[in-house]
Amino acid sequence: MTKIISLFILEAVFCFTFFTVSYSDINLIQTTCKKTPFYDLCVLTLKSDPRSSTADVSGLARIVADSVKAKAIATLNQISALLKSVKDPTLEKALEGCIVSYNTIIQADIPVAIDAIEKNNPKFAVQSATDAGNEAQACENSFAEKPSNSPIFSGNKAVHDLSVVLQSIASLLL
């Protein structure tokens, strides 16, 4: 009988600990994301990454930075594919400008942000995230003559909005 009671107590302690940690993780994500302008995107991005279950605010910033980079790479691949078949010289020029913007995001802005987060230097992470968002917006603005014809609107918006989320979270580390 004492073995059963001991087992029950051990199980109860385990369950209590597990549920408390899970609740705390969700609470940190929600609290952090409420301080960003894109709450739903923030929560969705962080909950979809298993690292968020053990992350602090700095770790959440790193997860979002990785998400910005992944989305930027996907958008750059889409731009490269579009360039292979484009016939319109105006569209081709805009897409070529976007290649430059996305290479800057992938090779400079986000690596600097990640490095700054890892070295506990959030000021540079905020600035680099801002730069990444500006690059995505500059790409989108290159389609200004026909903004409704932007073939990469959703990619630009995702990279911009995720960059703003990263900027907001990194600002919490200041």
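Helices here are DSSP runs of H or I with at least four residues, and strands are E runs with at least two, numbered from the N terminus. The chain has six helices and zero strands. Along the sequence the pattern reads α-α-α-α-α-α.

This is a predicted model: local features need pLDDT of at least 70, side-chain atom pairs count only at pLDDT 80 or more, and totals for chains, interfaces and linings use all residues. Residues are numbered from 1 along each chain as its sequence is written, and side-chain values use heavy atoms, with hydrogens and water left out.

Of the 174 residues, 36% are buried (under 20% relative accessible area, 1.4 Å probe, protein chains only).

The largest nonpolar core holds 40 residues. Such a core is a set of buried Ala, Val, Leu, Ile, Met, Phe, Trp, Tyr and Cys residues joined through side-chain atoms within 4.5 Å. Leu46, Tyr102, Ile105, Ile110 and Leu166 touch the most other members.

H4 gives the most, with eleven residues. Contact means heavy atoms within 4.5 Å. Leaving aside neighbours within four places in sequence, Ile105 contacts Ala72, Ile110, Pro111, Ala132, Glu135, Ala136 and Val159.

H6 has 20 residues. Its first and last C-alpha lie 29 Å apart, close to the 28 Å expected at 1.5 Å a residue (1.5 Å times one less than the number of residues). Buried residues in H6 include Val159, Leu162 and Leu166.

Definitions and conventions
Buried < 20%, exposed > 50% of the residue type's maximum accessible area, 1.4 Å probe, protein only.
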